[in-house]
Structure formats: structure tokens, C-alpha cells
Amino acid sequence: MENTLSSPCEAERLIRCFDPRCSMVEGDAEHVVISPRFGRLRRQHPLLATAPHALGVDAAWAAARHNLLTCRDRSVQLALSTYEYRVRIELSVPFDSLRDPAFDLHRHGHALLDRRGDEKSGVTLRRESFWIRSLPPDPAGFARFEVGNSFLLPITDEAMLTEAKHMW
């Protein structure tokens, strides 16, 4: 899996974690992403994003991801934080690997975090919030690092029903 900040596949996965019932509508002029949960939380229309038809489906998913993550509505922010799963991993890396120009510590850290998130079917919320911290070397002579990021866990139907009951 490519570790870009917002690959189209990851954007769609994030939206589907937030609302498994979201849908993509392909019209003549534009693509539309509709999320019933987004509309219910905001108590407004379920429109999450649109993109001109010429830009393609991927642009609509990317716009929906952006709109979801930058939404200032408190209920949406609360929903995201409720299903946020924080992952921290400690890495031991041989010093020779760090000297190798082909080795990318960020990519390696992202890949390990993605595997941990995949274990819980989570999707990275914001790749740009990835962090890395140096730790003292271990006795075996390896460099040590701690890496972390936040993932969004998929919401279950039962959780959405409970959420809907408490909102009204």
C-alpha cells in the first residue's frame, strides 16, 4: 500500500469507516458523496462532497475526506474522536540500515503502523500527524525509535443506532 497523505483508496476507506452507508452518485456533471451519518450528526443535508465529473471519482472521495476531517461541527468532531484508535510502536533498527540510503525510516514506520491499524480494520485519520521520537539505543546496539499515529475504527450498525437514539 502506498503511503501518500491522501491516496484515493485510503480516502474512500476513511469515509466508509465513518459511515458504511455512504454512497457515491455519478452524475453527468459531477460526482457526489452522500453520507447519511454526516447529515444526521450535523442535522443538515447528507452531502459530504462533490467534484466535477472531469476530475473523476477519486477527486470526490478526496474532497469528502477533506470535508470530513476539517468539519468544525462539534458532533462530527466528537464522532471522529470517539472511534479514534491511537497506535504507538517501538522500533529497533540496526545502525547499518539507517546508513543505507534506500532505507526510509518514515516509510518503514508508516508501514508498521498501517499493519497495526489493519489488524483492527482502522484507516489512518491524518498521515501528517505521524510522529517519530528517538529513544536511547538498546544494549544490543540497535537504534530505537517510537512512532505513532491515529486511526479511525469502523463504526458498527449497533453503535450508529445507539448514537441516533441519544441525539434526539
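**Fold, cores and salt bridges of the predicted model**

Read along the sequence, the elements of the protein chain occur in the order α-β-β-α-β-α-α-β-α-α-β-β-β-α. The model is predicted, and its chain contains seven helices and seven strands. The C-alpha trace spans about 55 × 40 × 25 Å along its principal axes. Of the 168 residues, 40% count as buried. Among contacts between residues at least 6 apart in sequence, 63% join residues at least 24 apart.

The nonpolar interior was examined next. In soluble globular proteins, nonpolar side chains tend to be buried together. In the present model the largest nonpolar core comprises 28 residues, and those with the most contacts inside this core are Ile15, Phe18, Leu68, Leu80 and Leu152. Two or more residues each are contributed to this core by H1, helix H2 (36–42), strand E3 (47–52), helix H3 (57–70), H4 and helix H7 (157–167).

When neighbours within four places in sequence are left aside, Ile15 is in contact with Cys22, Val33, Leu48, Trp61, Ala64, Arg65 and Leu68. Leu68 is, like Ile15, listed among the residues with the most contacts inside the largest core.

Helix H4, which spans residues 74–82, has Val76, Ala79 and Leu80 as its buried residues. Viewed down the axis of H4, these buried residues fall within an arc of 100°, so they line one face of the helix. An α-helix has 3.6 residues a turn, so residues three or four places apart point the same way. Leu80 also belongs to the group with the most contacts inside the largest core, and H4 is one of the elements that give two or more residues to that core.

The cysteines were then considered. A disulfide is a covalent bond between the sulfur atoms of two cysteines. The structure holds zero disulfides. Cys17 takes part in none, the nearest cysteine sulfur being that of Cys22, 10 Å away. With a relative accessibility of 6%, Cys17 counts as buried. For Cys71, the closest cysteine sulfur is likewise in Cys22, at 15 Å, which is too far for a bond. Cys71 is also buried, its relative accessible area being 11%. Cys22 itself is among the residues in contact with Ile15.

Charged side chains form 13 salt bridges in the structure. One of these is made by the side chains of Arg127 and Glu10, with an N to O distance of 2.8 Å. Arg127 lies in the loop between strand E5 (123–124) and strand E6 (131–135), whereas Glu10 lies in helix H1, so the pair ties together parts that are 117 residues apart in sequence. Both Arg127 and Glu10 are buried, and for Glu10 the relative accessibility is 2%. The side chains of Glu10 and Arg127 also make a polar contact at 2.8 Å. Helix H1, in which Glu10 is found, covers residues 8–18.

Arg16 pairs with Glu12, the closest N and O atoms being 3.0 Å apart. Because these residues are four apart in helix H1, Arg16 and Glu12 are separated by about one helical turn. Arg16 is partly exposed at 32% relative accessibility, and Glu12 is partly exposed with a relative accessible area of 27%.

The side chains of Asp118 and Arg13 also meet in a salt bridge, at 3.5 Å from N to O. This pair links distant parts of the chain, with Asp118 in helix H6 (residues 105–119) and Arg13 in helix H1, 105 residues apart. Asp118 is partly exposed, having a relative accessible area of 40%, and Arg13 is partly exposed at 29%.

Definitions and conventions:
Residues numbered from 1 in each chain as written. Predicted model: local features only at pLDDT ≥ 70, side-chain atom pairs only at ≥ 80, totals over all residues. Heavy atoms only, no water. Buried < 20%, exposed > 50% of the residue type's maximum accessible area, 1.4 Å probe, protein only. Polar contact = N/O pair within 3.5 Å; in protein donor to acceptor, adjacent residues only side chain to side chain. Arc of directions from axis to C-beta. Core = buried A, V, L, I, M, F, W, Y, C linked by side-chain atoms within 4.5 Å. Contact = heavy atoms within 4.5 Å. Disulfide = S-S within 2.5 Å. Salt bridge = Lys/Arg side-chain N within 4 Å of Asp/Glu carboxyl O.
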